Amino acid sequence: MRIKKKIPLIDQANKLGFWGGKFGGNFVPETLKKPIDDLENLFNKLKKDKKFIGERDKYFKNWVGAPTRFIKLKNLTNHVGGAQIWSKVVSDANGGAHKIYNATVHCLLAKRSGKKFIIGDTGAGYAGKMLSMAAKKFGLKCKIFMGAKDIARQQPNVKAIKKNGAEVIPVYSGSQTLVDAVSECMRYWVANCDTTAMCVGSTVGPAVFVRICGWSTSQISRELKVQLIDVFGSIPKKLKLYNCVGGGSSSFGFWNEFMDYDKKQCEFIGVEAGGPAKSKKHAAPLTYGSKIGILHGAAQYVNQDLDGQIEETESISAGLDYPGISPLHCFLKDTKRARYTAASDEDALSAYKTVTKFEKLRPSLEPSHAFSVAIKEAKKLTKDTIVVVNSCGDAYKDREILIKRLGKKYVEPN
Amino acid sequence: MLNPISLAFKKAKQENRAALLTYTVAGDSSKKQSLDILNSISKNADILELGVPHNTPVADGSQIQTSAYRAIKNGIKMNDIFKIVKDFKKLNKSKPIILMGYFNMIFQYGENKFLSKCKSAGVNGLIVVDLPWPENKNFAKKCKKKSIYFIQLLSPTTSEQRLKKIIRDSHPMNYFISMLSTTGGKLKVSPNEILKNYTKIKKIDPKKEIVIGFGITEKTIGKLKSADGLVVGSAICKEISKSLRHRQNPVTNVSKLVKKLKSKIL
């Protein structure tokens, strides 16, 4: 299994949609074969279409707000001692997280295909919030599927989705989190694929959704590459890119443009959700060696029992609370291009405290997982090492959890 | 020897009627009860589909989901399902059984081991909801070697060209999904429209048996009786849930329902 150079990773799947011959694919009901083929054809055509790319870039620049900041965390660097710690503040993007890129592209595609309705899943509520924003912008009617447990713990985003005019459909089956929201969303699509476009909220699902999402979030690394050259004159000799990994959309987008660099120069570190320190449950299939299985249309490493039932996950971060992981990351793991590790709920909370103590940056619980590992590792690294953490979400949505776990002083007043 | 599935269609044709296929979830609501249900409905049903419950089903509506979650909660495992089939076959040797489920369960068991187990338990056919053509080509070949029918699904969204290719590769029985829906949806197209699509598919290769499923209930089954076979699933799962809720015996209630369904297609 090898990564090819000079070919975008999203285009390295074989004819049936498998990366490395075994990750991804299209394990879907027959009814979805045609809408998926149609979407694939449309996407393959448009991603080569200069006019379409121009349109995407226009919206990214003027509406999403490109580029997002790339800043040095001076105080944190001084406090930690060791490598320089920088952050790509993707939460600057309109709506407060990276999910806006994928949502925008899916709405542009839906418009091109003449669909009037769009549906999407959401965990932390960001994918749903952004899809509802983009749907409003592009005049599409929108439904968001969200687990009942996530609705309760991510209220600020739920309110935002509703304010944008979208309908929130609570999902009560299974663990009532992201995995069930994705299942329910796919079921709705099976029944309504003639009129409705589906946006999968991360680099998961049938192959075309993995590709579209990866193509969209790659905006992050396109910006970062320019910013690194601006600041350092060239891509630094020792660069380490830390990112949290749930489904894997922000991390893939954060790394994509650096794929062809030697990993000794540009190392990728993915941080999964290890769950509560005392719990055996987690959302870290790569770190804890889960077996390959099929979830939501794609073969991937996934938490499951011996029979193949998908296991419940547990994480303080709704956005990382997913039993599977993008086929792209499975491929990056097996080719050893990226390294994966996990941070516990407590690690993430502690990192959030540290970052907010020293910097004017409020990473949500998802990137706090990445900060936790970055801070620990930066200590042992030399000053000429550039550590960059993708701060891909803003903590506003986590207010209630943060107040409950850390107390009011760690949360900015409303 | 002809596969019992083909014999069942032959028998129904001799009686000038559609074959009745039922779907129940293995282990719903317990291992014993699901075996009892199979035994008691086998008098009136021609072919029995037995669902392998999975906890992230992407094509099942709420009725089958409820049955599946109930079965999983009550501890059903893959090996229990083979045992149910084996026990059923002891009493009903010639009654065909089809296992229906999602590919991850087969994948985890190991394709070859799974098929050997199917063979020794007496499974006659397989429907794998999320293993479409052409992805299923290899697996279908393996099934054929074991004389197990791999049943292809066809949908209203399947293009004419694709239909031809799938049917060319298919085994003697195929399954037409009546409409764009998960299982158990309300019939949102007219029976005439469904039969029109059915006839179009049937013409491609009249020798292949085509059954129609999704959204078929007591009310709608009579209008579709000109098909080779008709599948009722969610309506039965719903009956089990209702019986449990009312503290009635699901075995007798489901048995009555299947008898009624049969009477509508005679």
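In the predicted model, helices H3(B) and H10(B) pack at an angle of about 55°, and their axes lie 8 Å apart. Angles of 65 to 115 degrees count as roughly perpendicular and those under 35 degrees as roughly parallel; the two helices are therefore oblique to each other. The crossing of H3(B) and H10(B) is left-handed. On the H3(B) side, the residues involved are B:Gln63, B:Ile64, B:Thr66 and B:Ser67, which meet B:Ser234, B:Cys237, B:Lys238, B:Ile240 and B:Ser241 in H10(B). By type, the residues of this contact between H3(B) and H10(B) comprise three nonpolar, five polar and one charged.

Helix H10 of chain B covers residues 234–245, and at 1.5 Å a residue its 12 residues should span 16 Å. The C-alpha atoms at the ends of H10(B) are 16 Å apart, which agrees with that expectation. Within H10(B), the buried residues are B:Ser234, B:Ala235, B:Ile236, B:Cys237, B:Glu239 and B:Ile240. Of these, B:Ser234, B:Cys237 and B:Ile240 also take part in the contact with H3(B). After H10(B) comes B:Arg247, whose phi is positive, near 55°.

In chain A, residue A:Lys129 is found in helix H5, which runs over residues 126–138. A residue counts as buried if 20 or more other C-beta atoms lie within 10 Å of its own; A:Lys129 has 30 within that distance and is therefore buried. Apart from neighbours within four places in sequence, A:Lys129 is in contact with A:Gly95, A:Asn157, A:Ala160 and A:Ile161. A:Lys163 is 34 residues from A:Lys129 in sequence, while the C-alpha atoms of A:Lys129 and A:Lys163 are 9.4 Å apart in space.

The contact between the two chains was also examined. Chain A contributes 32 residues to this contact and chain B contributes 30 residues. On the side of chain A that touches chain B, the elements giving two or more residues are helix H1 (30–46), helix H8 (178–192) and strand E11 (292–295) of chain A. H8(A) gives the most to this side, with seven residues. The residues on the side of chain A that touches chain B divide into 14 nonpolar, 12 polar and six charged.

Technical notes:
Residues are numbered from 1 along each chain as its sequence is written. Chains are lettered from A and ligands numbered from 1 in the order in which they are written. This is a predicted model: local features need pLDDT of at least 70, side-chain atom pairs count only at pLDDT 80 or more; totals for chains, interfaces and linings use all residues. Helices (H or I, at least four residues) and strands (E, at least two) are DSSP runs, numbered from the N terminus. The expected span of a helix is 1.5 Å times one less than its number of residues. A residue is buried if 20 or more other C-beta atoms lie within 10 Å of its own, exposed if 12 or fewer, and partly exposed in between; C-beta atoms are placed from the backbone. Two residues are in contact if their C-beta atoms, placed from the backbone, lie within 7 Å. Axes are lines fitted to C-alpha atoms, for helices over the stretch in contact, and angles run from 0 to 180 degrees between N-to-C directions. Angles under 35 degrees count as roughly parallel, over 145 as roughly antiparallel, 65 to 115 as roughly perpendicular and the rest as oblique. A crossing is left-handed if the near helix is turned anticlockwise from the far one by less than a right angle, and right-handed if clockwise. Ala, Val, Leu, Ile, Met, Phe, Trp, Tyr, Cys and Pro count as nonpolar, Asp, Glu, Lys and Arg as charged, and the others, Gly among them, as polar.
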